[in-house]
Amino acid sequence: MSAATGTIDHSKNYLNEKSGIWSWLTTLDHKRIGILYMITVLTFFAIGGTFAMLIRTELFSAGPTIMTAPHYNQVMTFHGAIMVFMVIIPGIPAFLGNFFLPLQIGAKDVAFPRVNLLSWYCLLIGAAIAFWSLVHSGADTGWTFYTPYS
């Protein structure tokens, strides 16, 4: 991006852009933002998958195996919240939409690249608030957390 004119330099892309963490955190390239979303979603997928494995381990045999009933409900709540709100919802429109859609329609960039980057930061802030509230308030709603079942 040219600081003097405020325009984006389209000759650089996500492969030949500057390296370093700061260049990734301040990028306006839709492909790099898509990669940031992909890394974030895959991280949350791993965390949610860990909770799924804890659930399956607990259900391996009858009676308490590795956790108590309240802990099981907390793990079930964490798994559901992470997989729905931090994997499925941002995964398809944010990652796939940012990386592939501009390429498919032939656009050089998305319409508002700064808002695009801001949305990734909002995902991180929202996830941090969600984790904080789930951990500190001890949400243990279990399967009643889901609207069709509640």
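1. Asn98 counts as buried, because its relative accessibility is 7%, and the cut-off for buried is under 20%. The model is a predicted one, so this value, like the others in this note, is to be read as computed from a prediction.

2. Asn98 belongs to helix H3, which covers residues 69-99. A polar atom of the Asn98 side chain lies 2.8 Å from the backbone oxygen of Ala94.

3. What does Asn98 touch, leaving aside its neighbours within four places in sequence? The contacts are with His30, Lys31, Ile33, Gly34, Tyr37, Pro93, Val110 and Asn116.

4. Helices H3 and H5 pack with their axes 11 Å apart and at an angle of about 175°. H3 is therefore roughly antiparallel to H5, since angles over 145 degrees are classed that way.

5. Val115 is placed in helix H5, residues 113-137. Is Val115 buried or exposed? With a relative accessibility of 52%, Val115 counts as exposed, because the class begins over 50%.

6. For the protein as a whole, the secondary structure consists of five helices and zero strands. Read from the N terminus, the order of elements is α-α-α-α-α. H3 (residues 69-99) and H5 (residues 113-137) are among these helices.

7. How much of the protein is buried? Of its 150 residues, 33% count as buried, Asn98 among them. The accessible surface comes to about 9500 Å², and carbon and sulfur atoms account for 71% of that surface.

8. The last point concerns contacts along the chain. Among contacts in the protein with a separation of 6 or more, 72% are between residues 24 or more positions apart.

Conventions: Residues numbered from 1 in each chain as written. Predicted model: local features only at pLDDT ≥ 70, side-chain atom pairs only at ≥ 80, totals over all residues. Heavy atoms only, no water. Helix = DSSP H or I, 4+ residues; strand = E, 2+ residues; numbered from the N terminus. Buried < 20%, exposed > 50% of the residue type's maximum accessible area, 1.4 Å probe, protein only. Polar contact = N/O pair within 3.5 Å; in protein donor to acceptor, adjacent residues only side chain to side chain. Contact = heavy atoms within 4.5 Å. Areas by Shrake-Rupley, 256 points an atom, 1.4 Å probe, with all protein chains shown as cover. Axes fitted to C-alpha atoms, helices over the stretch in contact; angles between N-to-C directions. Parallel < 35°, antiparallel > 145°, perpendicular 65-115°, else oblique.
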